[in-house]
Amino acid sequence: MLKKVHFSPSALPFLLVAPQIIITIVFFILPASQAFYQSFLLEDAWGISSEFVWFENFIYIFSDENYLNTFIRTIFFSFTVAFLAMSIALFLASMVDRIIKGVTVYQTLLIWPYAVAPAVAGALWVFMFDPTLGIFTYVLNFFGYEWNHKLNGGEAMTLVVLASTWKQIAYNFLFFVAAIHSIPKSLIEASSIDGAGPVKRFWTIIFPLITPTAFFLLVVNIVYAFFETFGVIHTMTSGGPYKATEILVYKVFYDGFVGLDLGSSAAQSVILMAIVIVLTVIQFRYIERKVEY
Amino acid sequence: MIENRPITTFISHLFLILGVLLVAFPIWITFVAASHDAVRMTQIPLPLLPGDQFFINLKMTLTQSIGGAGSIPTGMMMMNSLIMAMVIAVGKISISLLSAFAIVYFRFPFRMFFFWMIFITLMLPVEVRILPTFEVVANLNMLNSYWGLTIPLIASATATFMFRQIFLTIPDEMLEAARMDGAGPMRFFWDILIPLSRTNIAALFVILFIYGWNQYLWPLLITTEKEMFTIVMGIKQLLETAEQAPEWHLIMMSSLLAMIPPIIVVLSMQKLFVKGLTETEK
């Protein structure tokens, strides 16, 4: 933690941590505690009067059918995105591990979407699936399927899942490549001498050994799907049609900035914070556990 | 590879090429759409091969306002994005270097308290505290300014942790030698710590630049004046006008322009970036 050899005490260390600490207090601790406080208040939309109502906001939220539906939808959405993005990435990573030539070329071509903003990814996919002009819409029409995500909630959900997954593959891919690469070659060789083919080797050697990475990625992907996909959803569907693609973060934003229901929005923020804290703790506990080769 | 079977190698390549096609197709389509004119972009089916209007569209998007009345040209939005991304990346790296230096190399009261305070910020992404943070920024009169866009996003637990980790691996003899030669703390910081962590700084810069450039929700809340719009949020404005008159060739050109700087940063620093990503966040 601290170096054995260190500088003698002075005011300097305080000056050094000051910028970080001041920003943390002003923009993190203060707003977070304010959200916490506000979640116990019932306020009118103009902020003139407010009343301390204890847990009423929370009780209201958890008895609100809309919120519960959004909650279930968010969980479904996050796990679908995490599962799809991770399986595709793992598949591609295990393929990259099997080849000798062109590894860098494939890697370069596969990491592009990492750099693309979620909101831009949304724009790309919404264009390809545009109900009148889109290329995929054209193909689907050709096969006799009428695509219109502006009216059909299920199709809208499919679309945001597609765009969110597409963007996340690159990230998972890099981690899986690194994880597979770090497995000692002697293990693979030993099992292949024992007669295990590529598929069997994957499931009995590689897959068990990369589970820590997979678990880490699962948490990261869920956090991504919970929070960062706001841009995807806002540009593509704005939570519609009829709230079919509204996830928790979107609802906090919508209730707070459009609906001006500050107490409810703050209470929702507090619930989200609790979720993030739980996820972060899980993530850190599992990172400590490393697999022994 | 263990066994040399041409068939499996071939299949691997085949699947990889499929994967690349899947991943690159949307980007290809964006490029194609950005290279046609308005008329072609309303005829079904849309083209799959590039047209000849690329540079005309590029010039138009960069210099003219295309997002309805009063909007600013995409070129200016890119400038805003660039400033935002640079300030966030450089700012995060600087304050994290300083605080990690203090925490590792000094013994002072509240050291652990500060450390945990920084740690907490890891758990509060901007998305969960939007409303109260917005209020703080509004009270400080920082709406519609570069300060408001960047400073609230600058505190970073991840970067502080990474630099702490790196500093801990630097041998103690370095400090002893430096002190023997009469170097003070800041001299040691500039002449020894910074040069030793140069590659990590570069790797982190890539990640943070992309983080800053790709911000969406935050600029959406903080900026109401069109002069301050960033390109990523400008896309949404364009999509909204597309409801009436779809000018997909210009929208896709803007999307392309929004993607290019972060893609260039990633590809030009690929090795460092991959190293930084897989080593810092774990």
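A:Ile22 counts as partly exposed because it has 13 C-beta neighbours inside 10 Å. By definition, a residue is buried if 20 or more other C-beta atoms lie within 10 Å of its own, exposed if 12 or fewer, and partly exposed in between, with C-beta atoms placed from the backbone. This is a predicted model, in which local features need pLDDT of at least 70 and side-chain atom pairs count only at pLDDT 80 or more, while totals for chains, interfaces and linings use all residues. Residues are numbered from 1 along each chain as its sequence is written, and chains are lettered from A and ligands numbered from 1 in the order in which they are written.

A:Ile22 belongs to helix α1 of chain A. Its C-alpha atom is separated by 43 Å from that of A:Phe127, a residue 105 positions away along the chain.

## Chain A as a whole

Chain A contains 14 helices and two strands; these are DSSP runs (helices H or I, at least four residues; strands E, at least two), numbered from the N terminus. Of its 293 residues, 43% count as buried. Along the principal axes, the C-alpha atoms of chain A fill a box of roughly 75 × 75 × 30 Å.

## The interface with chain B

In total, 84 residues of chain A are in contact with 85 residues of chain B, where contact requires C-beta atoms, placed from the backbone, within 7 Å. Helix α1 (residues 12-38) of chain A supplies the largest share of chain A's side, 19 residues.

How values were computed. Contact = placed C-beta atoms within 7 Å.
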